[in-house]
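This report describes the protein chain shown below. It begins with a helix and then turns to the chain as a whole and to selected loop residues.

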Amino acid sequence: MFYTCHLCGYPEQNKPPWTQEGLSPSYEICPCCGIEFGVDDINLLGFEIYKREWFEKGRDWFDQAKRPVNWEQEEQLKSINKIKHEELPFYLLDAK
Ligand SMILES: [Zn+2]
């Protein structure tokens, strides 16, 4: 079972980024955008700032060793819309 990053849409996180109604972060680091769940995205402002910086830097891979050969950035971003409610942080739950 894999989970999806709510910033970049990378769909192969080993743990849900957030659990328990969006209150408990995994503290995992996304290999794609590099966000550390519960640290960089501890609140909506932190999340928005990290997201803006990742986009401004060209949305490239944080961990180049894990970059898929045929990575489709736009396709991956679409998977953000399919994330289950229970995997989102609390500050994004109202928006769903
Ligand atoms: Zn990510």
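## Helix α1

Helix α1 covers residues 44-56, and its 13 residues should span 18 Å at 1.5 Å a residue; the end C-alpha atoms are 18 Å apart, so the two values agree. The expected span is defined as 1.5 Å times one less than the number of residues in the helix. Just after α1, Gly-58 adopts a positive phi of about 95°.

## Basis of the model

The model is predicted: local features require pLDDT of at least 70 and side-chain atom pairs count only at pLDDT 80 or more, while totals for chains, interfaces and linings use all residues. Residues are numbered from 1 along each chain as its sequence is written.

## Overall architecture

The protein chain contains three helices and two strands, arranged along the sequence in the pattern β-β-α-α-α. The radius of gyration is 12 Å, close to the 12 Å given by the globule rule for 96 residues, so the chain is as compact as a globular protein of that length. Here the radius of gyration is taken over C-alpha atoms, and the globule rule is 2.2 Å times the number of residues to the power 0.38. Helices (H or I, at least four residues) and strands (E, at least two) are DSSP runs, numbered from the N terminus.

The C-alpha trace spans about 35 × 30 × 20 Å along its principal axes. Of the 96 residues, 24% count as buried. A residue is termed buried if 20 or more other C-beta atoms lie within 10 Å of its own, exposed if 12 or fewer, and partly exposed in between, with C-beta atoms placed from the backbone. Among contacts between residues at least 6 apart in sequence, 50% join residues at least 24 apart; a contact requires C-beta atoms, placed from the backbone, to lie within 7 Å.

## Loop residues with positive phi

Most residues other than glycine have a negative phi. Tyr-27, in the loop between β2 (24-25) and α1, has a positive phi near 60°. Tyr-27 is exposed, because 11 other C-beta atoms lie within 10 Å.

Arg-59 also has a positive phi, near 55°, and lies in the loop between α1 and α2 (73-78). Arg-59 has 16 C-beta neighbours inside 10 Å and therefore counts as partly exposed.

## Glu-72

Glu-72 is placed in the loop between α1 and α2. With 9 C-beta neighbours inside 10 Å, Glu-72 counts as exposed. Glu-72 and Gly-22 are separated by 50 residues in sequence and by 28 Å in space, C-alpha to C-alpha.

Technical notes
Contact = placed C-beta atoms within 7 Å.
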